[in-house]
Amino acid sequence: MYKERDWVSAGMKKKLGFFIKSRLKYMVLFLVILGIFWFVLYLYNIRSDALRYAVLLSAALFVVFAVCDFAGFFRHVEKVKEAQAALPHELRETPSTTDLTELLYREKLKVLFDYKEEMETGARIGRQEMLDYYGLWAHQIKTPLAAMRLLLQSFEEGEIEEEAELIRPMKMELFKTEQYVEMVLSYLRMGDMSSDLSLQWYSIDDIVRQAVRKYSQLFILKKIHLKYQKCEGMVLTDEKWFLLVLEQLLSNALKYTGQGTISIYMEPGPEEVLVIEDTGIGIQAEDLPRIFEKGFTGYNGRKDKKSTGIGLYLCKSICDKLNHGLSAESEVGRGTTIRLYLHRELLVTE
């Protein structure tokens, strides 16, 4: 209560200070005129009590006028503040004024607001056109990718050992291409992700197994061992988007692990923490704080020359919207550990 009163008092003092500054020249002019008035009457030997009465009456009139003027000034400021509170989403009508400077500023503000509206409309149309184009492209590109997969499967039926060695890397690259197409679509849809969420309680193990099954072929092709422990627990999330995060994290682990092991397990403790651990090349210590930034590739990305810096940014953005925590620990040459914090506090209503 006292803090609120202090805030109101501070706001009133601020308005009063601006009011006095804006009216200071008129106050000085009034005092000068009052002094001239008193001095002239004094020279004509007007009785002193009459002079005092005239001065007091003028001062009282001045105070009444000042109070009324300040009340009008206060109401005007409050209405302007209400109009400004709606910016930048809405340009509300402001109170009438005779101040030419304020009118000029209002006209300029309207021009800028109209320009902003045009820019936003153009940006929305451009984004929608881009979404339509890439959506169409992604669906069209799936046709030749599916055809390539069928061709590779037909080769497998009568393959000999030499042909098998050629087909394996082709299947791996084809799988990566399919994942890149899915990542493009997910990145484009992320802007409207909030309207696409369906939050429910899911078994953590069921969702993790979906991601592992999808990448099982890549585990086999790269001959990487998977250490999987059943992930007990439930998570309140959106299955599609959470699965996308797991797939991207597994893809990164496979990409930067030439040989060795990838482990997936729940960290012991009261909170649900899902861990994805690999024995890959690791991340430089100076790069680690920035790996979730958009477009950041770091030393590994510059060395690989194929990294886009989008994958982990996409994971972090999705986790933030799903209210899941995401962190990384790494040591060069020993691997990387990613932790997904899935615990939620239950609200208890009395």
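Q: What is a salt bridge?
A: A salt bridge is a side-chain nitrogen of Lys or Arg within 4 Å of a carboxyl oxygen of Asp or Glu. Before the cases, some conventions. This is a predicted model, in which local features need pLDDT of at least 70 and side-chain atom pairs count only at pLDDT 80 or more, while totals for chains, interfaces and linings use all residues. Residues are numbered from 1 along each chain as its sequence is written, and side-chain values use heavy atoms, leaving out hydrogens and water.

Q: How many salt bridges does the structure hold?
A: The structure holds 11 salt bridges. One of them joins Arg23 and Asp69, with the closest N and O atoms 2.7 Å apart. This pair links distant parts of the chain, since Arg23 is in helix H1 (residues 2-43) and Asp69 in helix H2 (residues 48-85), 46 residues apart. Helices (H or I, at least four residues) and strands (E, at least two) are DSSP runs, numbered from the N terminus.

Q: Where is Arg106, and how far along helix H3 is Glu102 from it?
A: Arg106 belongs to helix H3 (residues 100-157). Its side chain meets that of Glu102 in a salt bridge of 2.6 Å, N to O. Arg106 and Glu102 are 4 residues apart in helix H3, so about one helical turn separates them.

Q: Is Asp205 buried or exposed?
A: The scale is relative accessible area: buried is under 20%, exposed over 50%, and partly exposed in between (1.4 Å probe, protein chains only). Asp205 counts as buried because its relative accessibility is 5%. Its salt-bridge partner at 2.6 Å, N to O, is Arg209. Arg209 has 36% relative accessibility and therefore counts as partly exposed.

Q: Which side chain of opposite charge is nearest to Asp238?
A: Lys and Arg count as positive and Asp and Glu as negative, with His and the chain ends not counted. For Asp238 the nearest opposite charge is Lys240, 5.8 Å away; Asp238 is buried yet has no salt bridge. Asp238 sits in the loop between strand E3 (234-237) and helix H7 (239-255). A polar atom of its side chain lies 2.7 Å from the backbone nitrogen of Ser198, and one lies 3.1 Å from the backbone nitrogen of Trp241.

Q: What is a nonpolar core?
A: A nonpolar core is a set of buried Ala, Val, Leu, Ile, Met, Phe, Trp, Tyr and Cys residues joined through side-chain atoms within 4.5 Å. In soluble globular proteins, nonpolar side chains tend to be buried together. The largest core here has 47 residues, and those with the most contacts inside it are Leu246, Leu249, Leu274, Ile318 and Leu340. H7 gives the most to this core, with 10 residues. A second, separate core of 7 residues includes Ala138, Ile167, Leu174 and Leu185.

Q: Which residues does Leu342 touch?
A: Not counting residues up to four places away in sequence, Leu342 touches Ile204, Val235, Phe242, Glu272, Leu274 and His324. Leu342 lies in the segment after strand E7 (335-341). With a relative accessible area of 2%, Leu342 is buried. Its C-alpha atom is separated by 8.7 Å from that of Met234, 108 residues apart along the chain.

Key:
Polar contact = N/O pair within 3.5 Å; in protein donor to acceptor, adjacent residues only side chain to side chain. Contact = heavy atoms within 4.5 Å.
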